[in-house]
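The following report looks at a ligand site and then at a few elements of the protein around it. Please keep the sequence and the structure in view while reading.

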Amino acid sequence: MSHATTPVGTERKIVTELPGPKSQAMHERRKATVSHGLTQGFPVYIERAEGSILVDIDDNRLLDLGSGIAVTTVGHAVPAITDAVSRQVADFTHTCFMVTPYEEYIEVCEELAAITPGDHHKTSALFNSGAEAVENAVKIARLATGRDAIVVVDHAYHGRTNLTMALTAKNMPYKDRFGPFAPEVYRVPTSYPFRDGLSGPEAAQRAISAIESSVGAHNVAAILIEPIQGEGGFIVPADGFLPALSAWTKANGALFIADEIQSGFCRTGEWFAVDHEGVIPDIVTTAKGLAGGMPLAGVTGRAEIMNAVHEGGLGGTYGGNPVAAAASLATIKALRVGQMHLRAREIEQLMVPFLREVQASAPIVGDVRGRGAMIVIEFVVPGGKEPNAAATKAIIEYCTKRGVVVISCGTYGNCVRLLPALSISDEQLRDGLGVLAEAIRSI
Ligand code: PLZ
């Protein structure tokens, strides 16, 4: 792939129609050779990126408000991360931690122990993807408790492997005709304030009585939950919901597993989304923002739970790969040194009032919610709460055609999520929000 030498810059700049001619040709090549089972997204093919700007093969500069689904939280091509990766590539790229280990793996586990909630003794195991981390968290929870049942909630997303498909709520496109699914997974209602109007304690009581009546408290190995539900629609549970579920697990010998794969790493204005409610999970799963673009995932938990597993019970060829680990250490350092959780809060302060003002004159905007730089707009049919997936699709198309990359989410496909890098400037953010507002008004 040829790389133009012109600087990337910091501005969105569209020089062809989107997708441009080269991207269109590339898309034809793709269709001939890449399985059509993969989500097609917006077929603009990327050649370079820097900060919050993506440069496509037609030399268009797009503003990235998706960060590759909450992965490049620090930004694209951040020198501290690319340098760390380059150094590690030159040193060695792989030995397999299970065969001949190395320090970087240990350092990532030390960092995870330090930044995840609670000051108890924690240990970690590293994997490649979020789904793999969730699978392992479930394995560990079952072994440590000697129980089988895993409780998940409506609108949950935990991955696409066989076990995680069972944990994920939405049928299309994730599960349809891919079964049969793994057993001993039980789904209970969540807290979705915009749609259920319940307080946190009320929603928790509803979930708990479903667990007690349909599963039996003594059978529950763990409640597994995203503290802010990501793919399901950036659903922030009502205050008190998560603490009540966590307290119930403690009282009943079950574990509380927080899936922080999308919501972690300063994204919400704290290191982790559970920090907003003072909940201390027994196990935390991480990925995405953990390594700034390199594939890495972690399971971090109370040492007595994590270490209950027999030697050799956890592993995988690539888990905790040294290059991904080096990227992770540089990413965590950049987040910490830059106090980037504070920047996430500023981003919320800029985005939410702006979007609420748009909402005031746009009846298709049902709700604006989220924390930090994890904000969503839920679109409805004016006059009620019926999900409006058609408007959502049109708005995303309007934005992407103008070079503002935004992603949809939501069980009903009716949400536009905003996941900018925490290094984005106010000016870039205003530019992107301006286009989004135009898109909403154009409906
Ligand atoms: N848990 C909370 O958000 C991944 C999925 C994109 P993997 N979310 C993006 C898609 O359509 O496949 C995710 C998540 C939460 C687990 C996962 C799974 O992480 O790294 O995609 O396996």
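## Basis of the values

This is a predicted model, in which local features need pLDDT of at least 70 and side-chain atom pairs count only at pLDDT 80 or more, while totals for chains, interfaces and linings use all residues. Residues are numbered from 1 along each chain as its sequence is written, and side-chain values use heavy atoms, with hydrogens and water left out.

## The ligand site

Around the ligand there are 15 residues, of which Gly130, Ala131, Arg160, Asp259 and Gln262 come nearest; a residue is near a molecule if one of its heavy atoms lies within 4 Å of it. By class, this shell holds five nonpolar, five polar and five charged residues, where Ala, Val, Leu, Ile, Met, Phe, Trp, Tyr, Cys and Pro count as nonpolar, Asp, Glu, Lys and Arg as charged, and the others, Gly among them, as polar.

Taken alone the ligand exposes 500 Å², and the protein buries 81% of that, with accessible areas from the Shrake-Rupley method and a 1.4 Å probe.

## Helix 8

Helix 8, residues 200–214, has 15 residues and reaches 21 Å from its first C-alpha to its last, close to the 21 Å expected at 1.5 Å a residue, a span taken as 1.5 Å times one less than the number of residues. Helices (H or I, at least four residues) and strands (E, at least two) are DSSP runs, numbered from the N terminus.

Its buried residues (under 20% relative accessible area, 1.4 Å probe, protein chains only) are Gly200, Ala203, Ala204, Ala207, Ile208, Ala210 and Ile211. They cover an arc of only 155° around the axis, which puts them on the same side of helix 8; the arc is that of the directions from the helix axis to the C-beta atoms. On the other side of helix 8, Pro201 and Ser213 are exposed, meaning over 50% relative accessible area.

## Two buried residues

Arg343, in helix 12 (residues 340–360), counts as buried at 16% relative accessibility. Its side chain is joined to that of Glu346 by a polar contact of 2.7 Å, that is, a pair of N or O atoms within 3.5 Å, where within protein one must be able to donate a hydrogen and the other to accept it, and residues adjacent in sequence count only if both atoms are side-chain atoms. A polar atom of the Arg343 side chain also lies 2.8 Å from the backbone oxygen of Ile424.

Thr300 lies in strand 10 (residues 297–302) and is buried, with a relative accessible area of 2%.
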